[in-house]
Amino acid sequence: MAIGRPDLDRDPTDSDPTDNHRTGSDRTARLRRASRWLPLVLVLVIALLAAGAGLRGIVDQAPGEGSVDAGFARDMSVHHVQAVEMAMVEFRGSADATQRGVAQDVALTQQREIGIMSAWLTQWNLAQISTDPPMGWMRSVHQASHDSSGHDGETTHSTRMPGMATDAELGQLSKASGRELDALFLTLMIRHHRGGITMAQEAAARAQEPDVRALARAMVINQAIEIDQMEADLHAMGAPPA
């Protein structure tokens with residue numbers, strides 16, 4: 001009886017045709033199983049992309065009413081308007097070239113910043129002014145604001161904004177001349193800048209938009225430098241400190 005034995009002459013690397021057929025069948029089966037999952041994978045990918053787009057929409061959403069950004073842009077614009085007004089009084093009435101230069105710098109810088117903040121409000125589709133009381137966006141509003149009666153017992157719409165001059169002080173500034181005008185301008189502007197820094201510090205810490213935070217930080221730095229210079233000028237005049 002013949003006993004079967006391995007074909008010793010066969011190259012071990014030679015494939016069996018049946019093996020090739022089996023391997024091809026297995027590959028086809030795997031591809032078919034994978035193809036069944038493809039629609040589900042595509043659905044998941046689309047869902048994840050949609051979710052990401054939705055999150056970006058939330059993150060990139062423009063500031064709205066009641067936001068720190070809108071409150072800061074509106075209130076600081078009003079604050080700046082008064083600074084420009086006082087600076088123009090000094091620029092037109094002073095005989096001191098140095099103080100006229102200070103006034104011109106204040107007016108140009110703050111008018112430019114008013115334009116930037118106005119453009120933001122337009123971009124956010126918000127009104128330039130609000131019917132709400134000022135400073136509602138500030139957590140420290142009670143500490144930063146004036147007494148509700150103002151410096152001279154008068155009540156005005158602006159008395160809650162830190163550093164704002166009263167109507168009486170503005171009237172006094174418009175009537176002053178010479179050294180008195182320079183000293184009063186510096187005194188009022190130092191106080192005004194201090195109040196502006198209080199507002200800008202809060203916006204720099206809490207605003208949503210990077211551009212708003214950046215401008216607020218720049219205001220803090222620039223106005224602190226101007227305060228130092230104006231205090232030195234006031235001291236050189238022999239006037240009382242602000």
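Author: Helices here are DSSP runs of H or I with at least four residues, strands are runs of E with at least two, and both are numbered from the N terminus. The model is predicted, so local features need pLDDT of at least 70 and side-chain atom pairs count only at pLDDT 80 or more, while totals for chains, interfaces and linings use all residues. Residues are numbered from 1 along each chain as its sequence is written, and side-chain values use heavy atoms, with hydrogens and water left out.

Reader: Thanks! How many helices and strands does the protein chain have?

Author: Counted by those runs, the protein chain has 7 helices and 0 strands. Read from the N terminus, the order is α-α-α-α-α-α-α.

Reader: What makes a space a cavity, and what makes it a pocket?

Author: On a 1 Å grid over the protein atoms alone, a cavity is a set of points where a 1.4 Å probe fits but cannot get out; a pocket is an open set with protein on both sides within 12 Å along at least five of seven lines. Lining residues have an atom within 4 Å of a point. Grid points are joined across faces, edges and corners, and a volume is the space filled by probe spheres set on the points. On that basis, the structure holds 2 cavities of 30 Å³ or more, and its largest pocket has a volume of about 470 Å³.

Reader: Which residues lie nearest the centre of the largest pocket?

Author: They are Arg-74, Asp-75, Ser-130, Asp-132 and Pro-134, out of 24 lining residues. Helix 2 (68-93) and helix 3 (97-123) each supply at least two of the lining residues, and the largest share, 7 residues, comes from helix 2.

Reader: Why do residues such as Gly count as polar?

Author: That follows from the classes: Ala, Val, Leu, Ile, Met, Phe, Trp, Tyr, Cys and Pro are nonpolar, Asp, Glu, Lys and Arg are charged, and the others, Gly among them, are therefore polar. Sorted this way, the lining of the largest pocket holds 11 nonpolar, 9 polar and 4 charged residues.

Reader: And which helix gives the most to the lining of the second largest cavity?

Author: Helix 6 does, with 3 residues. That helix (178-206) and helix 2 each supply at least two residues of the lining. The second largest cavity has a volume of about 30 Å³ and 10 lining residues, with Gly-163, Met-164, Ala-165, Leu-188 and Arg-191 nearest its centre.
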